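Please work through the two exercises below with the sequence and the model open beside you.

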Amino acid sequence: MSDGQNNETQVKKAKGFPFTVVRHVVQILILMLFLIAPIVAGWGLFGGMVGGDNAIATPAQSFPLYGTLSSSTIFGITLIDPFAALQTVVAAKAFDPAWLVGLLPLLVVYGLIRGRVFCGWVCPVNLVCEIVDWLRKKLHLQVQEMPIPRHVKVYMALGVLVLSAVLSFPVFEALSPISFINKGLVLGSLAGGLTLLAIIIAELFWGHRVWCRSICPLGGFYEVVGKIGLVNVHIDHDACIGCNKCKKACLCDPQILDAAVAGEDAIVRAGDCMLCGKCVEACPTASLAIKPGRPSKNV
Amino acid sequence: MSAGKVIAGLAAVLVAAEGAFAVAANGSSKLLRPPGIQGEADFMARCIKCGKCIEACPYASLHAAGPAEGAAAGTPCIDAREQACRLCKDFPCVAACPTGALRDVAERSDPKAGYARIDEEVCIAYQGYRCEVCYRICPLIDQAITLDFQAMENDDIHTKFIPTINKDVCTGCGLCVERCAVDEPYVPIRIVTRAEQERDGGR
């Protein structure tokens, strides 16, 4: 009892980095970053701009960053969503070295940090799902925890690539709920709206974070990339009291913390981890920390 | 528990319907594309709907296709009557494309987004009025559109100035459609898009 109280006071004192707040700020800032160019150019949002006889300022010229999450240009450098580029390669049955140049910066950055940092810190659908989490709690709705295994999303990614090859168009780009939010705001494009609606319904009434955890093909792609990430959730086995609060808080899959909490691994190794920091925040003994380093197993 | 399954099923049906519609609608679009399209199928295979061409167009002629276009929803297209392509000399839309869905244009005469077709029933030039709007506005005047002088029936003095499209030269920019002076009962000039050309063999 007194131990517990000590722990509680420790939480107050050792209140670490406010991951969730910072993450939400980053998610919103990144979403807004793409809106600056059309706003500065005077085009406004939702793609309503129609020109006249004379050339006008364009978003492309008005701000050093324009585009969307599928592809953007930053200070003249072209970035391409690596998964979108991959879909184009198989759909067009063609390859251009320029695509490699475009996708490499993102692949290297996400690869070096952790693939699903995209999911946790950039993707607007994650933000929507966290809002749905909050709403579900308000409405006292009970849903299942992991109705679909988390690795299914890797097969979804493979399926998208196979379908893109067969149907000869980048399939996920046509249905992506990320596009609906990001491109809806920038361009007024409504593609992917039904997917987002389906996600919100499923999240609210069926499975907790089922889209992000188990289905999203882009998440599946980044899960694979995430297997080599150099920034990880590290655990201090001496400090851990095995309370499992981290598992309850995990945005991905409680399972991915099992090995670390059981003392079998020094880090959360699964490619699913998106460094959201929920577990770090939930830990009452400050035994979890996000930091660089990827020690091999059983250290 | 079973309610959860029903919800899951409903969500799955929504996405499946969306996907099925995308697949079903794939290849049926008639959209007028920006310069640099090398064929509708080639374009659809490469376009990732990033919208950079739309944001690079100095005349704001491009917009994202609506959800009714299925797989083509979100791809760039032109409503020629509203705002046609101006065939910029440096093609900023093509330069902005990251995946080569738009590519390989150097001259203003290079794009092949389609070609204009005139409805002789409604075009007033065919009725003997001297209009010439499409001819005068054409960026490739005397190449893509020429004036064909025809004698007026039962009239020894007057001549018809018939605008004539050269399919092989016309870029499909749509400026003639935007400026056409007639809109009743309908605009007598339209662009037969690359997609229509390929699908219907030009009909």
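Contact here means heavy atoms within 4.5 Å. This is a predicted model, in which local features need pLDDT of at least 70 and side-chain atom pairs count only at pLDDT 80 or more, while totals for chains, interfaces and linings use all residues. Residues are numbered from 1 along each chain as its sequence is written, chains are lettered from A in the order in which they are written, and side-chain values use heavy atoms, with hydrogens and water left out.

**Exercise 1.** Describe the interface of chain A and chain B.

Begin with the residues: 53 of chain A are in contact with 44 of chain B. Turn next to the buried area (the accessible area, with a 1.4 Å probe, that two parts lose on being put together, summed over both), which is about 3800 Å² for the two chains, 67% of it on carbon and sulfur atoms. Then look for salt bridges (a side-chain nitrogen of Lys or Arg within 4 Å of a carboxyl oxygen of Asp or Glu); the rule finds two across this interface. A:Asp53 forms a salt bridge with B:Arg86, their closest N and O atoms being 3.1 Å apart.

**Exercise 2.** Classify the ring pair of A:Tyr110 and A:Phe118.

Rings of Phe, Tyr and Trp (its six-membered ring) pair if their centres lie within 6.5 Å, and planes under 30 degrees apart count as stacked, over 60 as edge-to-face and the rest as tilted. Over all chains the count comes to nine aromatic pairs. For A:Tyr110 and A:Phe118 the centres are 6.0 Å apart and the planes at 85°, so the pair is edge-to-face.
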